[in-house]
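Colleague: I would like to learn how to read a fold step by step, going from the whole chain to a single residue. Could we work through one together?

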Amino acid sequence: ITVLEPENFVEMNASDARGLGLCDGDFVKVSSATNTMGVRGRVKVTERIRPGVLAISHSRGRWEINSRPYRVGGTLTGWDARRGRGLNSNPIMRTDPNLPNVTLQDSIGGSSAYYDTMVKVERISA
């Protein structure tokens, strides 16, 4: 059964979470060499993720796409705050050293090379 969550999470293996002193629901900052400011999210501890690996669902944490209102011709557009809940991994993706505004690309599929970004996880306050 697939359950739709109201937001996405920083999913990590239980052994990694223990090593960082993290529990389900703790807030963390995930940063990379590309973006040391990082992104903020909540931890979900699971055994479905291999130790040393993080998973962040890619369909949440939007800052556009009707996640906030815009004023057009004096009228606010429709929006849904649920679209902005959670975190977006795009800002921490490793960028191409020759094209600093482009993530590394998968040579076969042509999309972002999601498995080539090393990250740092730190507990933060809510």
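Predicted model: local features only at pLDDT ≥ 70, side-chain atom pairs only at ≥ 80, totals over all residues.

Colleague: Which elements does the chain contain, and in what pattern do they follow along the sequence?

Modeller: There are 1 helix and 9 strands, and the pattern read along the sequence is β-α-β-β-β-β-β-β-β-β.

Colleague: How should I read the order of strands in the open sheet, and which strands stand at its edges?

Modeller: In general, the strands of a sheet pair through backbone hydrogen bonds, and they do so either parallel or antiparallel. Here 5 strands form an open sheet in the order E4-E1-E3-E2-E9, with mixed pairing. Strand E4 (54–56) and strand E9 (119–123) are at the edges, and because each has a single partner strand, one side of each lacks a neighbour in the sheet. From one strand to the next, the twist averages 40°. Within this sheet, E2 and strand E3 (residues 39–46) run antiparallel and are joined by 4 bridges, with arginine 40 in E3 as the bridge partner of lysine 29.

Colleague: Is aspartate 26 buried or exposed, and why?

Modeller: Aspartate 26 counts as buried because its relative accessibility is 18%, under the 20% cut-off. This residue lies in the loop between helix H1 (14–20) and strand E2 (27–32), and its side chain reaches the backbone nitrogen of cysteine 23 at 2.7 Å. Leaving aside residues up to four places away in sequence, aspartate 26 touches Gly21, Gly41, Arg42, Val43 and Arg123.

Terms used. Residues numbered from 1 in each chain as written. Heavy atoms only, no water. Helix = DSSP H or I, 4+ residues; strand = E, 2+ residues; numbered from the N terminus. Buried < 20%, exposed > 50% of the residue type's maximum accessible area, 1.4 Å probe, protein only. Polar contact = N/O pair within 3.5 Å; in protein donor to acceptor, adjacent residues only side chain to side chain. Contact = heavy atoms within 4.5 Å. Pairing = 2+ DSSP bridges. Axes fitted to C-alpha atoms, helices over the stretch in contact; angles between N-to-C directions.
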